[in-house]
Amino acid sequence: MTAPALAQDTLKLAVGQRGLWDTAISEVGQRGGIFKKHGLTLELLYTQGAGETQQAVIGGAVEIGVGVGIMGVLSAYSKGAPVRIIGAEITGAGDLYWYVKADSPIKTLGDTGGKTIAYSTNGSSTHGIVTAFIKQYVPTAKATATGGPPATLTAVMSGQVDVGWSAPPIGLDQLDRNEIRQIATGNDTLFKGQTVRLLITNTQTLRSRKDAIDRYMQAYRETVDWMYSDSAALKTYAEFAGITEAKAQRIRDGFFPKSSVLPDSITGLDLIVSDAVSLKFTAAPLTKEQLAELIQIPPRK
């Protein structure tokens, strides 16, 4: 006798930046049948960055937000937004890099006084990092929102912005052809080794659909394990991102150690809470009680 088919629940996701390795975990897991096995069908909406993603979650248009900058979440929560953290999305910021045109006179962040430095959207991890760049290295630089990596690359190459941002696979070909030069990564700031992007939901979803959220996180963890152990997962990602399997492996092995995408804990929380105040994302440090309310990561089963 066969087991009855599991009824599928639908979850709507807003995902920042289509095609990046870390933001593709839900897509790859769905294509690989892992979320279906956990009784879930995912509807994925791709955004230009964490600001858009977070607003979609807070407004209730989606149940889960993927790749939301931790500083933006702390800021929103401190102002009373109904947002909750259900997992770390990435720890460390070495995947994010800043670059200039090959013929630019800018060699380091110290050369960007009075220049424009790109980030995606307000509240994103790139926004937090550029804020830190300016505070740490060059107070006269100007942070400029440019959206996702493709639009940012166009803005840099056409001279609309001085320093662009990106993440693999976008920009790798231009780097290889020496059309652009990398001048910094997110790890050149206080964000090195800290959790910088999150998986979030809103309070209503967590209250009314907690079982579905728990199953989402179990399937998410299972997908991460698959993406680091099976060449079929690399092939699935490469097809989704429109790149070769060799480039997919280069991206995974060169920029995303498995430890960086494990969702189970927020790394460096004490420093993050302090940095949120110094970078003016929150007016005061969040208390232990507030953090316990905000961070509700389903335990690994």
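# Close-up views of a predicted model

**Figure 1. Aspartate 22, a residue of the loop between β1 and α1.** In this predicted model, aspartate 22 is buried, with a relative accessible area of 0%. Its side chain makes a polar contact of 2.8 Å with the side chain of arginine 197. Leaving out residues up to four places away in sequence, aspartate 22 touches Glu89, Ile90, Asp95, Arg197, Tyr220, Phe256 and Val261.

**Figure 2. Serine 26, within helix α1 (residues 25–31).** Serine 26 has a relative accessibility of 2% and therefore counts as buried, the cut-off being under 20%. The side chain of serine 26 is joined to that of tyrosine 216 by a polar contact of 2.7 Å. When neighbours within four places in sequence are set aside, the residues in contact with serine 26 are Leu13, Phe35, Leu42, Leu44, Val66, Tyr216 and Tyr220.

**Figure 3. Strand β3 (residues 64–69) and its pairing with β1 and β10.** Strand β3 is mostly covered, since 6 of its 6 residues are buried. Strand β1 (residues 9–16) runs parallel to β3 and is joined to it by 3 bridges, whereas strand β10 (residues 195–202) runs antiparallel to β3 and is joined to it by 5 bridges. Glycine 65 of β3 can be followed to both partners: alanine 14 stands opposite glycine 65, and glycine 65 in turn stands opposite isoleucine 200 in β10.

**Figure 4. The open sheet of 3 strands, in the order β8-β5-β9.** The pairing in this sheet is antiparallel. Strands β8 (164–166) and β9 (180–185) stand at the edges and have a single partner strand each, so one side of each is left without a neighbour in the sheet. On average, and with direction ignored, neighbouring strands of this sheet are turned by 40 degrees against each other. Strand β5 (residues 97–101) is joined to β8 by 3 bridges, and tryptophan 98 has tryptophan 165 in β8 as its bridge partner. Helix α5 (residues 125–136) packs on the sheet and touches β5, β8 and β9, with a direction that makes about 70 degrees with that of β5. Helix α6 (residues 149–157) also lies across β5, β8 and β9, running at about 30 degrees to β5.

**Figure 5. Strands β6 (residues 116–119) and β7 (residues 142–145), paired in the parallel sense.**

Figure 6. At the start of α10, a side-chain oxygen of aspartate 230 reaches to within 2.8 Å of the backbone nitrogen of alanine 232. The helix is followed by glycine 242, which has a positive phi, near 70 degrees.

**Figure 7. The largest nonpolar core, with 98 residues.** Trp98, Tyr216 and Tyr237 have the most contacts inside this core. Helix α9 (residues 210–227) gives the most to the core, with 9 residues. In soluble globular proteins, nonpolar side chains tend to be buried together.

**Figure 8. The whole protein, with 14 helices and 10 strands.** The radius of gyration is 19 Å, close to the 19 Å that the globule rule gives for 301 residues, so the protein is as compact as a globular protein of that length. Taken along the principal axes, the C-alpha atoms fill a box of roughly 70 × 45 × 30 Å. Buried residues make up 56% of the 301 residues. Of the contacts with a separation of 6 or more, 81% are between residues 24 or more positions apart.

Terms used
Residues numbered from 1 in each chain as written. Predicted model: local features only at pLDDT ≥ 70, side-chain atom pairs only at ≥ 80, totals over all residues. Heavy atoms only, no water. Pairing = 2+ DSSP bridges. Helix = DSSP H or I, 4+ residues; strand = E, 2+ residues; numbered from the N terminus. Axes fitted to C-alpha atoms, helices over the stretch in contact; angles between N-to-C directions. Contact = heavy atoms within 4.5 Å. Buried < 20%, exposed > 50% of the residue type's maximum accessible area, 1.4 Å probe, protein only. Polar contact = N/O pair within 3.5 Å; in protein donor to acceptor, adjacent residues only side chain to side chain. Core = buried A, V, L, I, M, F, W, Y, C linked by side-chain atoms within 4.5 Å. Rg over C-alpha atoms; globule rule 2.2 N^0.38 Å.
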